[in-house]
Protein chains: 4
Amino acid sequence: MIVITQPNATEEQIERIVTRVREFGLEAQISRGASRVIIGVIGPEALLREKPIAAMAGVEAIIPVLKPYKLAARDSRGASSVAIGDVRLGEHEDVVLICGPCSVESREQIQSIATMVKESGAKILRGGAFKPRTSPYSFQGLREEGLRFLAEARAKTGLPVVTEVMDARDLSMIERYADCLQVGTRNMHNFSLLKEVGRSRLPVLLKRGFSATIYDLMMSAEYILNEGNSNVVLCERGIRTFETAARYTLDLSAVPILKSKTHLPVIVDPTHALGLREFVPQMSLAAVAAGADALMIEVHDSPELAKSDGNQALTPEIFAELVPRLSAVAAAIGRAL
Amino acid sequence: MIVITQPNATEEQIERIVTRVREFGLEAQISRGASRVIIGVIGPEALLREKPIAAMAGVEAIIPVLKPYKLAARDSRGASSVAIGDVRLGEHEDVVLICGPCSVESREQIQSIATMVKESGAKILRGGAFKPRTSPYSFQGLREEGLRFLAEARAKTGLPVVTEVMDARDLSMIERYADCLQVGTRNMHNFSLLKEVGRSRLPVLLKRGFSATIYDLMMSAEYILNEGNSNVVLCERGIRTFETAARYTLDLSAVPILKSKTHLPVIVDPTHALGLREFVPQMSLAAVAAGADALMIEVHDSPELAKSDGNQALTPEIFAELVPRLSAVAAAIGRAL
Amino acid sequence: MIVITQPNATEEQIERIVTRVREFGLEAQISRGASRVIIGVIGPEALLREKPIAAMAGVEAIIPVLKPYKLAARDSRGASSVAIGDVRLGEHEDVVLICGPCSVESREQIQSIATMVKESGAKILRGGAFKPRTSPYSFQGLREEGLRFLAEARAKTGLPVVTEVMDARDLSMIERYADCLQVGTRNMHNFSLLKEVGRSRLPVLLKRGFSATIYDLMMSAEYILNEGNSNVVLCERGIRTFETAARYTLDLSAVPILKSKTHLPVIVDPTHALGLREFVPQMSLAAVAAGADALMIEVHDSPELAKSDGNQALTPEIFAELVPRLSAVAAAIGRAL
Amino acid sequence: MIVITQPNATEEQIERIVTRVREFGLEAQISRGASRVIIGVIGPEALLREKPIAAMAGVEAIIPVLKPYKLAARDSRGASSVAIGDVRLGEHEDVVLICGPCSVESREQIQSIATMVKESGAKILRGGAFKPRTSPYSFQGLREEGLRFLAEARAKTGLPVVTEVMDARDLSMIERYADCLQVGTRNMHNFSLLKEVGRSRLPVLLKRGFSATIYDLMMSAEYILNEGNSNVVLCERGIRTFETAARYTLDLSAVPILKSKTHLPVIVDPTHALGLREFVPQMSLAAVAAGADALMIEVHDSPELAKSDGNQALTPEIFAELVPRLSAVAAAIGRAL
């Protein structure tokens, strides 16, 4: 931690800051510039966090040096890989396609879509049984019945299942059916839920909050890791900006930036970022080129009848055409699909 | 709802859209422009919401006309008022000061601060017992002990208490101690929690998500209202933008805009928006001038020792100096403090 | 400037950085933490700016300590005041109202509006003769004829005139008619234009770019001041965010923040920020409470017929009703209108 | 254009709106819903633009239907291609690499870099002679000398030259040396400059303003096209958001979205978007996969000594390694480099 004093800080104020730092059992190293004093604070990370030195008189700014995430941070061990069912995600694994409808709507719907996406190359099935919806009057999901349909579709196709958990109280029920727990964009800052999924035996797919920084996302992963669950996958799914041409702005730079900071797998959901089916193929190709370890793509066999988000899902036909192109881009950067 | 077709939409596509609209039991009125057809869809709101017409071929855009919030919407009845303990908040009530520390840290701390802010003019006590923190390694609150200290401070000062609920499973415990439930900015989209507080007998102070639009905030209020709890107070507390000079950008325009759209009381939290004590007084004055029905201001008697957010809290002395100025601005716009 | 090394920086890299710093004639002070080395670089500001130390191997981050604006910075001399015609703007002056239509449309229009706003209390007349418009097909202003009408309105009412300059080549013409040059939000980063108005004898009203940080605005002011023109007024006029309920998000916190950093007068334009006449009165009151030294408010006598931005202008009647309330808020914070 | 009335609009107000519309020579078609009236306004685009109907009593919203860009809009003719020197950019052309340093610093520097990037596969040379810098104290470019060095580098390597124009008064000088005029991100809204380059015989590379919407970018292109210059290339270069991990957020979705709306070539500048050399390779690959028609990449032979933006430029070695991977991704989507 570095403390920068105000240009007009008095010697007394500076001394008081240094004394406080030393009272905390930390070391203080002082550099005097022409107008400001810089105090390097050295010591164990845990001690440094909670100290309100910024509130002291004479302090202009506090600059943290150590990153507050340690379990999520990339270190000498390099990239880790996470298994969802028997499918592995990670930098040294093949690129994985995670597909399915936005919501599970019926047994037939999810089985039919699961079969089709599997044939085209998807390795994991997605589908929502609990739906976070902006409006209380919108379709909220089939709940346990939806989970059952997902498990049946897995039994039929062999695809492991990822589905969203919105409430800690539903967790044990979802754990009975799913292979991976998704924490959605609107819950990335729901710290109670993060702690709960951190105690689950299932891997967690953590979506970036649509207004969360990369730093925030790392810290939310840290909550899960800190509870003992080391199987966390990070998912970029678009951030909220001033641009309104698409629903969100897909921040693909987050892929290489996250990979430089964390050992966790990083995946991309172009469907929810764009909200417009028309542009999903190009952004899927771009995500693979940027280094995404998996793509999460919505596929629906009759988008016009979908109970949620119909105009963003690819049809099975368009998806089937896209897969070989994704495969070619993966090969171009030295990976397989 | 208005459907606008693409310039090159075929007659067949247009007919198919109109047929679909009518199958839903809705009326379709067609206007033909030089290059596009505009289809006005008329009928009961509930029917219109879930219809995925946007996914149909030939559709360029769908424009909703009716607002999807109905319980939160302002109508002929005008502004409502909400009671927290025996203090009323609303457009036709006095402007209220809600003060206290960020976190409850000890019995002495909360009692001492409660006494001081009451003397200066605060009418409601705030203090966190459950703290949402970006880092799992930061202080997470005293939990039930903190709630007990808050209740004791209320017994001593008579100030009703507002405190944050982060997890539906803590709700019944918090209800035993508090007079008002706060839903924090990071939970504004936690729909499970919104539904739970919607079933509480206590009023709810709903903070705007830091990246939620005014529309989103109205929809989250609708979740609570729809469960039967009509005592909802909306709180502007800063949004995330590109500007980094303060922690968030306080969106004071949200005050008059919300008041034009909803009957619910609208209050402002300048402390969390700015994150810098230095500018809290001016923005408090501005919030009252903009029409806020209450201000939520953090006050701490020794900010340098605070366990969270020390450098944003006002000292009791600065707060005491601010109150008469707030009172004067309130009077200038025809209100009392 | 502080250089923070990467955790794995080698001794050789650190030595190379220190050597480079010293080659530049600067002093380097080294603090060693557990995992990183912190190098304090001390020396004359000008030398530090252009040195690409950040590009050196082993460097994690460079943190500037000195602010790069020096002429705009607040120092021991406190707030300055700027004269537009015979009207003074500044922290120690009365709050000033700058009013008029968006565009000058005709001699009658500008004279009529000027007369009405003067009667209600405006002290400076605004009106555009050169209009920056997003579309090339929109009305672009009356140009020199518009300037002439403005000068005639000044002759009739005595109100000094502020008008926008979009192109350095129009500057000498505009200088013949106006009392103050406005640089608009879309030109805040037009460094050529900033230098030109920096050489003018007229004061400059510099609008914040709608996506400029407070820091950027200070730097653009520095361009003007650096050319010798010390009469610069800064204007907050809304920034672009994700919120779409109003045209821009008025960042009123910028007022006290700017005042803490610069000696220049700071004013607010609520009209262009909101783009909606309905909310201009409340935000005008809030701007005065936040400490604005002047307000820029659009007034049009027949908004329905305005050639630009008709639905944001106040009518003269609404403006006349607003003035005494602005006056009361100013008095509440110890200022006069 | 569609006019939506307020729920409580009176019959008189509706009639007044309809009358006004018809006075303008336009047709009005009325649809009555349960609570609002929808008025479809039909007629020539030019007439509709300037009519301030939104300011009329009883109007809730105005929704434009026709897009105000017509020259930039994609139509039945499909994609166009633009020649810079003898290199063609466009959807049906090869993907082009535009490389060089941020600033021209000396004859030797630009010749050496030009030679190296040409050998690796670049087809166009970039380099700034006039530099827009946030600070007036930063290096502002070599001006005409820089242009001369660029022209000499072209003579030596055969690479056509693109360089930035910041001021209309420099235009004729720049035209004597360059093959393509760049309008930078900070001048995208400088309408005077847009009109001037619209009258040039040279093609224009128009960079997206860092806070400009896709719509704004199209409108700025329209300014140039409307003056008669049909050779416009659009460049995505990052937008300003809340994320601070990179300098800007590269909005790659803008590539397919722009291509769906305009016939103009669309290119990407990952260097300025990221501001961090480390992530430029991955985002260059992603940009090609997203469909970019060219990439603009900064290359500097000794970034540590660069006079501007040293820590974002690739070294010639890293660039040389990147080119075959770009080529492979281009091939994967059916294009050549």
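In this predicted model, 35 residues of chain B are in contact with 35 residues of chain C. Two residues count as in contact if their C-beta atoms, placed from the backbone, lie within 7 Å. Residues are numbered from 1 along each chain as its sequence is written, and chains are lettered from A, ligands numbered from 1, in the order in which they are written. Local features need pLDDT of at least 70 and side-chain atom pairs count only at pLDDT 80 or more, while totals for chains, interfaces and linings use all residues.

Helices α8 (254-261), α10 (280-290) and α11 (316-332) of chain B each supply at least two residues to the side that touches chain C. Helices here are DSSP runs (H or I, at least four residues), as strands are (E, at least two), numbered from the N terminus. The largest share, 7 residues, comes from α10(B). By class, this side of chain B has 22 nonpolar, 9 polar and 4 charged residues. Ala, Val, Leu, Ile, Met, Phe, Trp, Tyr, Cys and Pro count as nonpolar; Asp, Glu, Lys and Arg count as charged; the others, Gly among them, count as polar.

Now turn to chains D and A. Here 35 residues of chain D are in contact with 35 residues of chain A. On chain D, α8 (254-261), α10 and α11 each supply at least two residues to the side touching chain A. Helix α10(D) gives the most, with 7 residues. That side of chain D has 22 nonpolar, 9 polar and 4 charged residues.

How are the two chains related? Two copies of a chain are related by a rotation about an axis and a shift along it. A rotation of 180° with 0.0 Å of shift along its axis superposes chain D on chain A, with an RMSD of 0.1 Å. In chain D, the C-alpha nearest the axis belongs to D:A286, 2.1 Å from it. The same surface serves both copies: 100% of the contact residues of chain D recur in chain A.

Finally, look within chain D. Helix α10 (residues 280-290) packs against helix α11 (residues 316-332) at an angle of about 25°, with their axes 9 Å apart. Axes are lines fitted to C-alpha atoms, for helices over the stretch in contact, and angles run from 0 to 180 degrees between N-to-C directions. So α10(D) is roughly parallel to α11(D); the label covers angles under 35 degrees. Helix α10(D) contributes D:P281, D:S284, D:L285, D:V288 and D:A289 to the contact, and α11(D) contributes D:L322, D:R325, D:L326, D:V329 and D:A330. By class, this contact has 8 nonpolar, 1 polar and 1 charged residues.

Conventions
Parallel < 35°, antiparallel > 145°, perpendicular 65-115°, else oblique. Least-squares fit on C-alpha atoms with pLDDT ≥ 70 in both.
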